[in-house]
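Thanks for coming. I have one structure to go through today, so please have the sequence and the 3D view open.

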Amino acid sequence: MNLLLSAAASDNLLLQAVNIFIKYKSLFWYGVKITLLISLTGTVIGLLVGLVVGGLRAMEIEPRDPAPVKLFKKLWAVLSTIYVEFFRGTPMIVQAVFMYYGLKPMLHWEPIPAAIFIISINTGSYMAEIIRAGIQSVDKGQIEAARSIGMTSIQTMRYVVMPQAIKNSFPSIGNEFVVNIKDSSVLNAISVTELYFQSNSIAGSIFKFKETFLVTCFIYLILTFTTTRILYYIEKRLRMPRSSFPASQTVNEVNHL
Amino acid sequence: MENIITIKNLKKSFGSLDVLRDVQFSVGKNEVITLIGSSGSGKSTLLRCINLLEVPDSGEILFHEQNILEGSIDVNKHRSAVGMVFQSFNLFSNMTVLNNCMIGQLKVLGRDKESSQKKAMDFLTKVGMDKFAHSYPDQLSGGQKQRVAIARALCMDPEVLLFDEPTSALDPEMVGDVLDVMKTLANEGLTMIVVTHEMGFARDVSTRVVFMDKGVIVEEGPPSQIFTNPQQPRTKEFLSRYLG
């Protein structure tokens, strides 16, 4: 009897969830768009921040560097450590509230640009470490070879080390995007109208939290699942032995012995 | 004979280990010098000092009468004039064979794309790797990689080419291919310094053999002298193990 009741109740829950989704799908859809907007731009900008911070962090001080370069590298090491430790060591929700209200008198910003800024700078701190680890995983011989033909340390970084570092750390970079899709939900704390905020508004207006958030669960799952599939696909493409030949080649065939 | 490289009183230690202890050495134009000696004798370190992959503790390295250890020297310019071929090939794994040979020409020497590509293809043809121009290093065998690495170094038009045990990481079958390329270069008059354990190459190809032991040059001379009539007991001992 109990079993029947609970089965009926769960039937009911699913049915109600479907109804809520149909009725409020434009509100959910709006939330999805904001969630994807802030998490994608935040991840991309965060990656750029990470490339600069992590890239410079990984450049060792060489005995022949001129004094100003040495000083810059030392200063950068200290500042980037503070940055990375602060943003990895405090919750994003706290950073969001602190920076949104803290900088509001100066920047007069809206929640969405603030959200993108916060996700970017937060993700940047993780990306910096991911990139640094990626750089350290590149074989030292690659660097020696580049230096031995006369490349500067910046050229070596740009043309030889960085492309390999990014490829090596692609899984971790992609993972940051998935994390951001989920964790951008904490930005409801500064009234960003992303998926969690929208769900909360819908649930609050009809007093059906369980049913509404079941819908929300599914939407997040679809977003992250789709994203991971796309990332796996790209990762596989990166790993494949490359054999595409540019049109302007001088030979037509690669003859494998 | 004009000396390209003159090394005076070169010293280098790693921590408490003295790897080079007072090395004097010079290289003339068109010379093919082989550096031989047991592992840890300092020959690779000496080679790496010449293009400043290692910075010596004291002494002088004169390149065309100019001491490259002075602070005012443009290290990158010097390195582009002194090519290096490594034991582990070190081809840029993110680039095709062709791009490996072009990147230095484009970014270091400032050549245009067309002439860089032409030169790269010329040298790849020379080492027999032109068919693989659009392959990636991962798709090549060790011997093929090393031939590409030689082409990459040649594309920079170096005055001296340094070889750091170029055949030590190769299967015996592939050693011949690489040595053949090096022989061709030697016959064409390229100045080369080769650290090697290939005594056949040292005997047949080099113009001068330098034997190093424990961070100093023990003996040097033409191969006929070193291999048939070595003067120093340490040289005799070393060679007897190789030549039986």
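Before the strands, a definition: helices are DSSP runs of H or I with at least four residues, strands are DSSP runs of E with at least two, and both are numbered from the N terminus. Two strands count as paired if DSSP finds at least two bridges between them. The model is predicted, so local features need pLDDT of at least 70 and side-chain atom pairs count only at pLDDT 80 or more, while totals for chains, interfaces and linings use all residues. Residues are numbered from 1 along each chain as its sequence is written, chains are lettered from A and ligands numbered from 1 in the order in which they are written, and side-chain values use heavy atoms, with hydrogens and water left out.

I start with strand S9 of chain B, residues 208-213. S3(B) and S9(B) are paired in the parallel sense, over four bridges. Within that pairing, Ile36(B) has Phe211(B) as its bridge partner in S9(B). S10(B) runs antiparallel to S9(B), and five bridges join the two. One of the bridge pairs is Asp213(B) with Val216(B) of S10(B). The hairpin of S9(B) and S10(B) has two residues between the strands, and there Lys214(B) takes a positive phi near 50°.

Is S9(B) enclosed or open? Six of its six residues are buried, so S9(B) is largely enclosed by the rest of the structure. Buried here means under 20% relative accessible area, exposed means over 50%, and partly exposed is in between, with a 1.4 Å probe and protein chains only. In a regular strand the side chains alternate between the two faces of the sheet. In S9(B), Arg208(B), Val210(B) and Met212(B) point one way, Val209(B), Phe211(B) and Asp213(B) point the other way, and all are buried.

Next, helix H9 of chain B, residues 233-243: its buried residues are Arg234(B), Thr235(B), Phe238(B) and Leu239(B). Seen down the axis of H9(B), they fall within an arc of 120°, so they line one face of the helix; the arc is taken from the directions from the helix axis to the C-beta atoms. The face turned away carries the exposed residues Pro233(B) and Arg241(B). The buried residues of H9(B) pack against S3, H7, S9, S10 and H8 of chain B, where contact means heavy atoms within 4.5 Å.

Now two backbone angles. Most residues other than glycine have a negative phi. Asn30(B) has phi near 70°; this residue lies in the loop between S2 and S3 of chain B and is partly exposed, at 42% relative accessible area. Leu52(B) has phi near 65°; its loop runs between H1 and S4 of chain B, and Leu52(B) is buried, at 3% relative accessibility.

Finally, the interface. In chain B, 38 residues are in contact with 32 residues of chain A. The area buried between the two chains is about 3000 Å², with carbon and sulfur atoms giving 55%; buried area is the accessible area (1.4 Å probe) that two parts lose on being put together, summed over both. The rule finds one salt bridge across this interface, a salt bridge being a side-chain nitrogen of Lys or Arg within 4 Å of a carboxyl oxygen of Asp or Glu. Glu144(A) forms a salt bridge with Arg48(B), and their closest N and O atoms are 2.5 Å apart.
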